[in-house]
Amino acid sequence: GAPAKNTLHRITTAATMMVPTVIVWVAGPLTTMMLAALIAWLLTFIAPPFIIWIKQINTCRGTEFGTEGGVAAQGLALALAFEDSEAAIAGMVTTTNIIQSKQMRDWRIREKIYSRNRIFSCGSEAQNGINDTAAVNALNGDGTAAVFVDMLVEHGLLQYSGAGKCYVTGELVVYVNCCLKVMGYGPNDYVDAASITNSWMHLVLSNPVLVEFILEIICSSCKYGRIGQEVTKDTPKMCSAYVVAAARIRKTARSLAAAIKNQDPAAIKQEDVDAVNSLRTQLKTMIDSLVPDLLATYDKEALDARWAAIEDALRKQRDVATPAFLQQLQNCPKPVSLAVALRPASFRPSKPLPAPKVLIVHNVTDADLVLKRSTVLDTIGSKAMALTAAALAEGFGDVGKLPDHEAPLSVLDQAILWLQPGRSTPRSLVCSRSGTIAAIDPKTHEVLFRTDRLDSGHPFIDAAYITRHALDAEASGAYRDLRQLADAAKDALLVAAAEEASSLKAHARDVEQRLDEAYASGDCPKVVVFLGA
């Protein structure tokens, strides 16, 4: 039977602990004492307090493939996880399809494993939250979590601890890190479950054949649109190279892992040490010979340039183009129709992007842009709220239904974010998705002014397309759901809005008091103020 929930919090409360270093040695032959220390070190991954180890540095850009240690780690992970190349290819594709499924996206949202501007994210940082939460929920009967955890267990990324009655760090993670350690690599090169699964996704998406087998992409690389797929085009030979490299080192890597695993720390003999040293030397020589060619498959210069261009375009859209558009909208002397066409939130990576849906509201004036929590019931009736509710729903595939995780105040918060740019937020446009917002003349149907952030594959749409395809956001099921929620909980909504406003004011007073104290004490240069609530 499943253990009580209160016994499982140890997984997450200890999840960010650093792995203890029992002993440090320079690259070279191990002694009997060093091998015993290595075995003690590997046990820290799976012994009390029963943690799922999480690496302190995470990335969702595939940068593991750009360092010698990262190359060694990912090659070892493929060699130790799978019996042969066919199993490696099938395992990476299956892993990608499970992580990218709508079921997992909806599960992440139910479990609140996201920040709103990364609601579609599966990068390694978000993936860590998925892994440890799923490990807890699977033991408590969560079917979706169980499917995901079964996959992680199958690949050695998690394992069940009878002693802790919970899931702990998997043997694949443990022995990849052990092999790295004995070969002289440092903690920055170690892997966790998330960095492995995230790297497998990068390999699959970068392969022109394997990408055909990916059913859908829900995470289109954080807030950047379709860029995740585009970035992998700079590394088209990487997947094949790593599968071949793993095949070459598989026998030796598995022999080394087995030689370490089978040791009794209290009964280590010199021949045991000699065997480990011999295998360690063989594996290091093999990996050293493969590293240059594997590094060559990762075009760091091209990737850095692409990411720099992506982030520069995002900043310009957020800090310049969107504020300029909203200023035009506020100063427009006549009512306009406001149309939004956003990139699809999911797509087949081997196919062109689906045609964008266009959402529209009519007779928009500057008054519709004034959104206040203090007058939340009146604000719900705003055209901006109708447009935001419909855009959120469309991102989940159905403009006719507001997503279950959304509520009046959460929709209001997101409407405020895109209508008040310049705040500390990485968003631009609506709901962090790329696309187009246009002000349309209600009589001539011409575009009066517009702003675009078009990720690769997202088409430029004109006034004729908007006229033909626009859906009235105020008539959408999502906006109807929003109004019904607000009507059903008027009193509670007013109380919640008042409490939130009071909390913000209290925080502002606290910041003001701290600043006053800092100025009075003369320590102002040492003060860092976080203005977010």
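**Close-ups of a predicted model**

View A. Lysine 383 is buried, at a relative accessible area of 17% (buried is under 20%, exposed over 50% and partly exposed in between, with a 1.4 Å probe and protein chains only). This is a predicted model, so local features need pLDDT of at least 70 and side-chain atom pairs count only at pLDDT 80 or more, while totals for chains, interfaces and linings use all residues. Residues are numbered from 1 along each chain as its sequence is written, and side-chain values use heavy atoms, with hydrogens and water left out. Lysine 383 sits in helix H15, residues 383-395 (helices are DSSP runs of H or I, at least four residues, numbered from the N terminus). Setting aside neighbours within four places in sequence, its contacts include Asp368 and Glu474 (contact is heavy atoms within 4.5 Å). Alanine 473 is 90 residues away in sequence, yet the C-alphas are 8.3 Å apart.

**View B. The largest nonpolar core.** This core has 94 residues, and Trp200 is among those with the most contacts inside it (a nonpolar core joins buried Ala, Val, Leu, Ile, Met, Phe, Trp, Tyr and Cys residues through side-chain atoms within 4.5 Å). Helix H11, residues 238-261, gives the largest share, twelve residues. A second, separate core of 40 residues includes Cys332 and Tyr479.

**View C. Cysteine 178.** There are zero disulfides in the structure (a disulfide is a pair of cysteine sulfur atoms within 2.5 Å). For cysteine 178, the nearest cysteine sulfur belongs to cysteine 179, 7.0 Å away. Cysteine 178 is buried, with a relative accessible area of 0%.

Technical notes. Helices (H or I, at least four residues) and strands (E, at least two) are DSSP runs, numbered from the N terminus.
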